[in-house]
Amino acid sequence: MERTKFFPDSRDPTLVVRGWVKCSKDGEPMDLFAPAKGILGDFTWLTEYLESIASCENQAFPDWSGGWGCRSNLSKATSLLAGSTASATSIRAAFAYIVSLPPLNWSKSKLRELGVTGHSPHATLCDVGRTIGKRPNFPFEVDAGAARGFSKEDRRDLGHWAATASSASAAADEDSDEETDPPPAHFVPARRGRGRAGHVSRGSASARGDMGLKSEPLF
């Protein structure tokens with residue numbers, strides 16, 4: 001999702017966060033919509049933010065350049081790179097630098113103490129399910145049958161979508177009597193590591209290169 005692009009919504013530019021991503025999990029483009037508000041209130045900065053990224057082809061996380069050390073110290077950055085996307089590592093480093101400034105003044109040890117980590121985008125659905133909870137509350141009347149949240153088992157399934165798909169594919173192959181072509185030469189099967197089944201160890205190779213499902217330390 002680092003390659004998401006944001007732009008003003010045609011109907012409610014100050015109330016709606018509008019975005020587009022070229023390739024979602026199913027390989028197809030996806031339109032994004034969200035209310036322009038969070039737990040701290042309305043996104044009063046939205047218009048200014050969209051204007052600031054317009055010169056970078058509306059990239060949500062444009063890459064930047066600057067003097068030595070600009071990756072971990074944004075004060076040394078001198079320009080944004082149009083048409084580029086910052087890596088996940090650079091985004092995490094930028095986040096750490098921003099929260100180290102007043103008023104938070106969070107050190108790396110503070111972030112580790114709080115358990116702040118970077119994680120694979122494949123964990124996003126798990127986070128959504130955890131936020132909603134098993135029994136969500138609504139400020140209006142909702143039929144009990146429809147007011148269902150996400151249990152621990154539901155969240156586990158959401159996080160194992162890649163492993164589930166791989167298992168289903170393997171089962172289909174076992175049931176088939178037809179011969180299949182060998183994988184291409186550049187294909188490297190994922191190396192399964194220690195831990196729960198279906199998780200890929202950090203640093204292990206996969207066909208896409210970014211399929212690791214475990215949380216990555218921010219530092």
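This is a short walk through the structure shown above, from overall features to single residues.

The model is predicted, so local features need pLDDT of at least 70, side-chain atom pairs count only at pLDDT 80 or more, and totals for chains, interfaces and linings use all residues. Residues are numbered from 1 along each chain as its sequence is written, and side-chain values use heavy atoms, with hydrogens and water left out.

Start with confidence. The mean pLDDT of the protein is 74, and 69% of its residues reach 70 or more. Here pLDDT is the predictor's confidence in each residue, from 0 to 100. Over residues 177-215 the pLDDT is below 50. Beyond near neighbours in sequence, this stretch still has 50 contacts in the model. A contact means heavy atoms within 4.5 Å. Where pLDDT is low, the predicted coordinates should not be read in detail.

Now the overall make-up. The protein has 6 helices and 9 strands. These are DSSP runs numbered from the N terminus: helices are H or I with at least four residues, strands E with at least two. Of the 219 residues, 23% are buried. Buried means under 20% relative accessible area, exposed means over 50%, and partly exposed lies in between (1.4 Å probe, protein chains only). The accessible surface comes to about 15,600 Å², and carbon and sulfur atoms account for 55% of it. Those areas come from the Shrake-Rupley method with a 1.4 Å probe; for residues, only the protein chains shown count as cover. Among contacts between residues at least 6 apart in sequence, 40% join residues at least 24 apart.

Which residues make up the largest nonpolar core? They are Val17, Ala36, Leu46, Leu50 and Ile53, 5 residues in all. Helix α1 (residues 46-53) gives the most to this core, with 3 residues. A nonpolar core is a set of buried Ala, Val, Leu, Ile, Met, Phe, Trp, Tyr and Cys residues joined through side-chain atoms within 4.5 Å. In soluble globular proteins, nonpolar side chains tend to be buried together.

Look at α1 itself. Its buried residues are Leu46, Leu50 and Ile53. They lie on the same side of α1, because they cover an arc of only 70° around the axis. The arc is that of the directions from the helix axis to the C-beta atoms. An α-helix has 3.6 residues a turn, so residues three or four places apart point the same way. On the other side of α1, Glu48 and Glu51 are exposed. The buried residues of α1 pack against β1 (5-8) and β2 (16-21). Leu46 touches Pro13, Val16, Val17 and Ala36, leaving aside residues up to four places away in sequence.

Threonine 4 lies in the segment before β1. It counts as buried, at 3% relative accessibility. Not counting residues up to four places away in sequence, threonine 4 touches Trp20, Val21, Leu32, Asn58, Gln59 and Ala60. Aspartate 12 lies in the loop between β1 and β2. Its relative accessible area is 33%, so it is partly exposed. Aspartate 12 and alanine 36 are 24 residues apart in sequence, and their C-alpha atoms are 9.7 Å apart.

Finish at arginine 155, in helix α5 (residues 152-159). Its side chain reaches the backbone oxygen of phenylalanine 150 at 3.3 Å. Not counting residues up to four places away in sequence, arginine 155 touches Cys126, Gly129, Arg130 and Phe150.

Definitions and conventions
Polar contact = N/O pair within 3.5 Å; in protein donor to acceptor, adjacent residues only side chain to side chain.
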